[in-house]
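Welcome! Take a moment to look over the model below, and then we can walk through some of its strands and helices together.

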Amino acid sequence: MNAKPLPLSGNERTPDAELRGIRKVYDNGARGVEHLDLTVARGEFFALLGPSGCGKSTTLRILAGLEEPTAGEVLIRGEPMRGRPSHRRPTNMVFQRLALFPHLTVAQNVAFGPRLHRWPRARIEKTVAAKLELVGLSGYGDRLPAQLSGGQQQRVAIARALANEPAVLLLDEPLGALDLRLRVQMQQALKRIQHDSGTTFVYVTHDQVEALTMADRMAVMNEGRIEQVGAPADLYRAPETVFTATFLGDTNLFEGSPRGDVLDVDGVGIKIPRSGRTVSVRPEHVTVAERVAPRFANRFRGRLEDVIFQGASTRYHVRLPPGLLVIAEQREETGTPFSVGDEVEIGWDAGAAVVLDK
Ligand code: ADP
């Protein structure tokens, strides 16, 4: 609502948003972010993912100009934003609590920003129609917010935030208040809206599924720092740190002493692709059978300690002598062939293990 359609410098290759060496210490001494370098390309759907308190909202608010960083620089389309207040930045923010104007119609809500900036009437009407069509609400312009469902209200909030055509739309857990079913629908809708509008989105969430399913690229944050940046599939398949490996999905984390290409973990020798003390093996890479194929570099016999039916897949907790626990997850195709107490064999390829830093 507060974006100003600035004729910004920068061509297509200029990143839409850059954070350089950003640090934020609040007045009470709390550390918002420790050190942040981040580049968001034009047209990207970029997610900031991390647990509560890791600094996601602080980062977003610094981009929006709602907080001044203690150190570092923010650039939008190549332009330094230092000292520029929120309402003069080419950004807009969408919050979990929508704050639509209840007494204004849907169309008036969407027209609010352009009216403030005194756009000509014809241009406002055209924009309102285009944005309502973008969010799938053509024909709803005359309704009041109270006459819409929660999901529709959220779409109006997005249309309103896009009306001024901000360079970057900042979204702070916008789906957090919706129930699961609606949230999943809205994830798909938002992804399509982002794609169709071509607007750069920076999207804050603590929900890994949301980030993995929606983002083109994402940053995993932890304690005010970025752990890793990349495409969701790359982060999931090739995490670099223990934090990323355990925060994204579930994993078997093995720590031990390396001897060449073998990691000794509690007396179990695990083949690894390169030397390191800590490796991650995703449960879905571990096969469970009476006898697993000899091609697996890692094969061990153990006893089933737990079998957890999850619908589409089943998890198996397998205890190896002398005590190491390995979790396997298999798709449910033939029904559960094993029960607690069964002796089974598990196997995985050496390449399934990802060596991690701390
Ligand atoms: P997230 O969005 O990831 O949950 P935040 O950016 O809100 O994390 O918070 C990061 C850290 O900064 C937390 O320790 C939080 O308590 C602190 N913090 C956030 N906002 C303020 C504020 N206005 N004043 C003081 N400390 C704050």
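## A three-stranded sheet

Two strands pair if DSSP finds at least two bridges between them, and both strands (E, at least two residues) and helices (H or I, at least four residues) are DSSP runs numbered from the N terminus. With that in hand, meet an open sheet of three strands in the order S11-S15-S21, paired in the antiparallel sense. Its edge strands, S11 (252-255) and S21 (353-356), each pair on one side only. From one strand to the next the twist averages 30 degrees.

S15 (residues 278-281) joins S21 through four antiparallel bridges. Here Val-281 has Ala-353 in S21 as its bridge partner.

## A hairpin

Strands S1 (residues 17-25) and S2 (residues 31-40) are also antiparallel, with six bridges. Ala-17 has its bridge partner, Val-40, in S2. Five residues lie between the two strands of this hairpin, and Gly-29 in the turn has a positive phi of about 95 degrees.

## Two packed helices

Helix H2 (residues 106-116) packs on helix H3 (residues 121-134) at an angle of about 125 degrees, their axes 9 Å apart. Axes are lines fitted to C-alpha atoms, for helices over the stretch in contact, and angles run from 0 to 180 degrees between N-to-C directions.

## About the model

This is a predicted model, where local features need pLDDT of at least 70, side-chain atom pairs count only at pLDDT 80 or more, and totals for chains, interfaces and linings use all residues. Residues are numbered from 1 along each chain as its sequence is written, and side-chain values use heavy atoms, leaving out hydrogens and water.
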